[in-house]
Structures are given as structure tokens and as C-alpha cells.
Amino acid sequence: MNKSATAIIAILIFFFSANSLIAYDPAIQASTEDEHGSILIALDSGNSDQEFLDNDPDFLKEENTDNEINISIADPLYYWNFCMFHFNDKMYFWALKPVTQAYLYITPTIVRTGVENFFYNIKMPIRFTNCILQGRIVLAGHELLRFIINSTQGVLGFDDAANNYTWLKEGKEDLGRTFASYGIGDGIYLVWPFFGPSTLKDSIGMFGDRFLNPVSYIEPLELSIGVTGYEVVNKTSFKIGDYEAFKKASLEPYEGLKNAYIQNRRGNINESPLNIISHDLLRFW
């Protein structure tokens, strides 16, 4: 576990250094835009992809009113990112999809739903801590109450019993969103093998959130990786066919995936921390 963490830290330090050395040059920016073209994407309102892509499973399901959307983000590691995009694409079709289809065939929906609820429930510390860091005190209270209800009435979280209390809000906060709520920019665009699209900011956040994820403390390391892999397969079982539909609807899958990811992540940050506090307090009273 220590060797793995050290390797990840080294990679992130490298990207921080690389980003700080890249100066903005209008000529370079124009050249890059000409090379890659404008970002075009057409999405079905009901079809998208999870693949290995991100800790937010529905980021490609954001409904868009326009079929053409322009998203601007620095992509200095384009060739790395493009290779990793194709690597993940092949891994989806050659490994994840066949395994998931077999799992889907032998596992009833009620079991798969229970497993998904369980993993969501045990990740409460991630959402709770980031609600506190964002000043969303009321939402943090909702997260804690949902965890208590689901862990007791919901039998260790396999049943989402908290849904019976409609006033309890369901959050999706993570450290990347916390950084964004304080005005920290995306940095550069990154695509990780297995994990999929990200940014420098979200990569740091993903690493930080691991310390709050109970699965990270399972030993030995191989067992922790196995549990995480099982979670990915179970989650993907609800989305088989979405990635194929996404690729078919996109004029350029690489740019389309980048567009959808960045649009979703930016769309989740609509309020400053102070506005969030006042909004939550007013709603509470």
C-alpha cells in the first residue's frame, strides 16, 4: 500500500511541475485549437457510458439543450491522453464488458442493487467530510442521518431505507468539487488508465478521497483491489450498452468524452461556500 501511494504521489508531483512550466502562448493555443478542432458532441438523453471512467457514474448522462458544445481546457498531454483513451476503450470491450455480461447473467437485479447501495453507504465519510469543507453543514447532517438509517434500517446499507425520508438530500460531494467551490481551476486535462477522464485538480482530489474510503484500508492490497474491481463490475452492470451508444452518437469520441466530463464537473459548482452556508441555513429554518 505504501509503495502504491508513493508512486501516485510521484506522478502527481510530476504533473504539478509540468503544469507550472507551461506558459500560456496565444499562438500555441490557436495552433492547438486548429489541430484538434472544435468540440462537438451529440448525446442521447438516455444513453451514455460509465466504463472505467470516473467516481461520478452519471457524468455522461447530463442532458444538453444544444448538440454542439464548446469546452475549453488545456490539453498539453494530448498524446498521452489519447493513448490512454484508446487503452481504456479496448479494456472495456475486451475485459470489463465480457466480465460484466457474465456477472449480469448470473446475478439478480435485487442483489446488484443491494451491492451498489452498500458501496455508496460505506463511502459516507468522503461525502460528509467534503460537505463540511464546503460549509454545507445541513447537507453534512443529511449524509450522517442517511448513513445511520441505511446502516440500521437498511441492513448495513444494502437497502436505501433513507429514501423513505424524502426531506433527506442525497449528496455526491468529493474533494475535487471542494477544490472547485473555492475557486481552484481544473489545471490540465488528464486521462488515466482504468480510471478514465480527469483533470489535475480532480486527480489530486481522487487521491485525497482515498484516505476517507474504507475500501482503501482493506488488507492485503490485492484484496482491496479485488473489492474495488467488483464494485466497478457491479456498477457497470447497470450501464451495459451506454458506452456503445455514446461512441455512436459522438462525432469524435475522445473530444466528446472530454467535453462531457468537463461540462459535468463544472456544472456541479454553482455556489461559493458562503452562499452555500446561507442557503442551507435558510432552508433549515
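Hi everyone, let me start with a cysteine: Cys83 is partly exposed, with a relative accessible area of 47%. On this scale, buried means under 20% relative accessible area and exposed over 50%, with partly exposed in between, using a 1.4 Å probe and protein chains only. Cys131, by contrast, counts as buried at 0% relative accessibility. As for disulfides, meaning a pair of cysteine sulfur atoms within 2.5 Å, the structure holds 0.

A word on what we are looking at. This is a predicted model, where local features need pLDDT of at least 70 and side-chain atom pairs count only at pLDDT 80 or more, while totals for chains, interfaces and linings use all residues. Residues are numbered from 1 along each chain as its sequence is written, and side-chain values use heavy atoms, with hydrogens and water left out.

Now to the hairpin. Helices (H or I, at least four residues) and strands (E, at least two) are DSSP runs numbered from the N terminus, and two strands pair if DSSP finds at least two bridges between them. The hairpin has 3 residues between its strands, and Phe194 in the turn has a positive phi of about 75°. In a regular strand the side chains alternate between the two faces of the sheet. What covers the picture for strand 1 is that both faces are buried: Tyr189 and Val191 on one side, Leu190 and Trp192 on the other.

Helix 8, residues 200–209, is largely enclosed by the rest of the structure, because 8 of its 10 residues are buried. Among them are Leu200, Ile204 and Phe207, and also Lys201 and Asp202.

On to the aromatics. Rings of Phe, Tyr and Trp (its six-membered ring) pair if their centres lie within 6.5 Å; planes under 30 degrees apart are stacked, over 60 edge-to-face, and the rest tilted. That rule gives 16 aromatic pairs. Tyr92 and Tyr243 are edge-to-face, because their ring centres are 5.0 Å apart and their planes at 80°. This pair links distant parts of the chain, with Tyr92 in helix 3 and Tyr243 in helix 10, 151 residues apart. Tyr92 is buried at 1% relative accessibility, and Tyr243 is buried at 0%. Ring pairs also link Tyr78, Tyr79, Phe82, Phe85, Tyr189 and Tyr254 into a cluster.
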